[in-house]
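This report looks at the inside of one protein chain. It covers cavities, nonpolar cores and salt bridges.

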Amino acid sequence: MKEHKFAALLSYVNLGLTNLTGILVTPYVIKALGNQEYGLYTLIGAFVGYLSVLDLGLNNAIIRYVAQYRVQKDEKSQENFLATSLIIYCAIAVLLTVLGSLFYFNLDYFFSKSLTIEELHKAKIMLIILVFNIAFTLPGGAFTGICSGYEKFIFPRILSILKVIIRTITLIFILHFGSNSIGVVVLDTIVNLVFILTTIWYTFFKLKVKIKLHQWDFSFVKEIFKYSFWIFLFALVYQFQWRTGQVILGSTTNTTIVAIFGVGVMLGVYFTTFGNIINSLLLPKAVQAVYNNVSNEVLTDQMIKVGRISYLLLIYVFGAFLLTGQDFIKLWIGELYLPAYWIALSIMAVYIIPIAQGYSHAILDAKKMLRFKSLNFFFFSIIGAFLGYFLSKKFGMYGMILGLVSAVVVLQIVMNVYYQLKLKLNMPKFFLKALFKFTLIFVLVTIVSFFIMQQFTSCSWYKFLFSNVVYTIIFVAIFYHALDKTEKKYFLKFKE
């Protein structure tokens, strides 16, 4: 249990460190590379990032099956499973190489109108390096999965933290001495390789894991993919949803626009990551209710309980960014990137309710009903990308984000109908009990905070910090009285 608790703490440390270094280092990277080259780096990273979904959910399958075989004390089956998995990964690496080659020889076709000859040359070099990076990173991730299957969580997480620290320090060092975007890509590849080799060493020499193919069973391969497919589809859609905007803008606009859009997406994804941490803290015990066959009314009440706390924390962060986000971006990386505020704000706005409804996703998972959501997530993401493409031709990045978030809104309407009709959850009750009152209070808090902040017209870090302190005091003072006794106890003690 201590292993799990400490590993959970390290996970949050790693996430916080990753986000913090991203925010602190990004201005330096942009200044060192320049807006256009940073946009090029972002563009090619997004373009090649599509290949990372070819993990096909195998990492999750490794965690599940290794844990299962350890419980069963079936060492032979575990050895065979791991060997089968690595063979599949080798096939994936070959496929990656083929797809990377196709990308390489068609890069001119995709970006000849938006990139200069010099930018295309750099883009091709980065593409080759990044494809090589992903080709060994995906199989390397299998060894992290083995560690998790063995319930050895601490070592991989310490490695992840060290990786962030070493990568950040080295990145600043090489940029200080004039490195360009290609150098950054080379650095990321070397760092990934070193830490993957370290994980492999730990797996073989510390955990004493053995990998041996005793027999090749196609039915077993089918079983693996049957389990991992829906995980893969979620990963595919996630990569497609946000990376597509940058790739499309790279073909319809220029690298500076891609850079601005990329910053907005980064901030928006930080928000969604924060929201999912909340769900990971609140949902696991509630999901047990599904297995205990509790009534749909009880499930609705539990969803309301979880949703109120999630929604409260989400609107607090959203309100802070709504009121002070423009000042933050201007002070952080400059006025050129101010449009990123609207990109990030759009992503945050459309994901508040879906994240607050995270309990419903847990119910779908527990009841093995993820298929409908996965397929619709995939379908609407494609529609959003096409809509964004056509709108971007006239409205640039604003058209792109409008297309993407419009699809998310429609998807959530569909899913709420599905929750009502198929899961038999009382969704009107959820919106009334979990969101309505808090939303009205949030509007009041935002308006009051806005008028107070208008008394300070200068843009400085002092004003930014002071404004957030004022907003926080008003938010806490008013919302505390809107909480019930259980919620007050939760926030006061941070316990269940």
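The lining of the second largest cavity is made up of 7 nonpolar residues, 1 polar residue and no charged ones. Here Ala, Val, Leu, Ile, Met, Phe, Trp, Tyr, Cys and Pro count as nonpolar, Asp, Glu, Lys and Arg as charged, and the others, Gly among them, as polar. This is a predicted model, in which local features need pLDDT of at least 70, side-chain atom pairs count only at pLDDT 80 or more, and totals for chains, interfaces and linings use all residues. Residues are numbered from 1 along each chain as its sequence is written, and side-chain values use heavy atoms, with hydrogens and water left out.

Which residues line the second largest cavity? They are I62, L82, S85, L86, A142, F143, I146 and I211. Two elements give two or more residues to this lining: α4 (75-105) and α6 (117-149). Helices are DSSP runs (H or I, at least four residues), numbered from the N terminus.

How are such spaces found? Rolling a probe the size of a water molecule over the atoms shows where empty space is left. A cavity is a set of points, on a 1 Å grid over the protein atoms alone, where a 1.4 Å probe fits but cannot get out; lining residues have an atom within 4 Å of a point. Grid points are joined across faces, edges and corners, and a volume is the space filled by probe spheres set on the points. A search of the whole structure finds 2 cavities of 30 Å³ or more.

The largest cavity has a volume of about 40 Å³. Q241, F377, F380, S381, G384, L404, A407, V408 and L411 line the largest cavity. Helices α14 (370-395) and α15 (397-421) are the elements that give two or more residues to this lining. The lining divides into 6 nonpolar, 3 polar and no charged residues.

## Nonpolar cores

A nonpolar core is a set of buried Ala, Val, Leu, Ile, Met, Phe, Trp, Tyr and Cys residues joined through side-chain atoms within 4.5 Å. Buried means under 20% relative accessible area, exposed over 50%, and partly exposed in between (1.4 Å probe, protein chains only).

The largest core has 111 residues. Which of them touch the most other members? They are F261, V263, L267, I329, Y337 and F479. Helix α11 (residues 296-333) provides the largest share of this core, 16 residues.

Take F479. Leaving out residues up to four places away in sequence, F479 touches L312, I315, F438, I441, F442 and V445. Contact means heavy atoms within 4.5 Å. A second, separate core has 24 residues, including I134, A135, Y202 and V209.

## Salt bridges

A salt bridge is a side-chain nitrogen of Lys or Arg within 4 Å of a carboxyl oxygen of Asp or Glu. How many are there by this rule? The count is 7 salt bridges. The table gives three of them.

| Pair | N to O distance |
|---|---|
| K122 and E37 | 2.8 Å |
| D188 and R167 | 2.7 Å |
| D327 and K463 | 3.2 Å |

Each pair links distant parts of the chain. K122 in helix α6 and E37 in helix α2 (residues 35-49) are 85 residues apart. Both K122 and E37 are buried. E37, E118 and K122 are linked in a network of salt bridges.

D188 in helix α8 (residues 181-205) and R167 in helix α7 (residues 154-176) are 21 residues apart. Are these residues buried or partly exposed? D188 counts as buried because its relative accessibility is 16%. R167 is partly exposed, at 25%.

D327 in helix α11 and K463 in helix α17 (residues 461-480) are 136 residues apart. D327 is buried, with a relative accessible area of 15%. K463 is buried too, at 13%.

I355 is found in helix α12 (residues 339-356). Its relative accessible area is 5%, so I355 is buried. T272 lies 83 residues away along the chain, yet the C-alpha atoms of I355 and T272 are separated by 7.5 Å.

Q412 is found in helix α15. Q412 counts as buried because its relative accessibility is 14%. Apart from neighbours within four places in sequence, Q412 is in contact with P354 and Q357.

Note on methods
1 Å grid on protein atoms, 1.4 Å probe; cavity = no way out; pocket = protein on both sides within 12 Å on 5 of 7 lines; lining within 4 Å.
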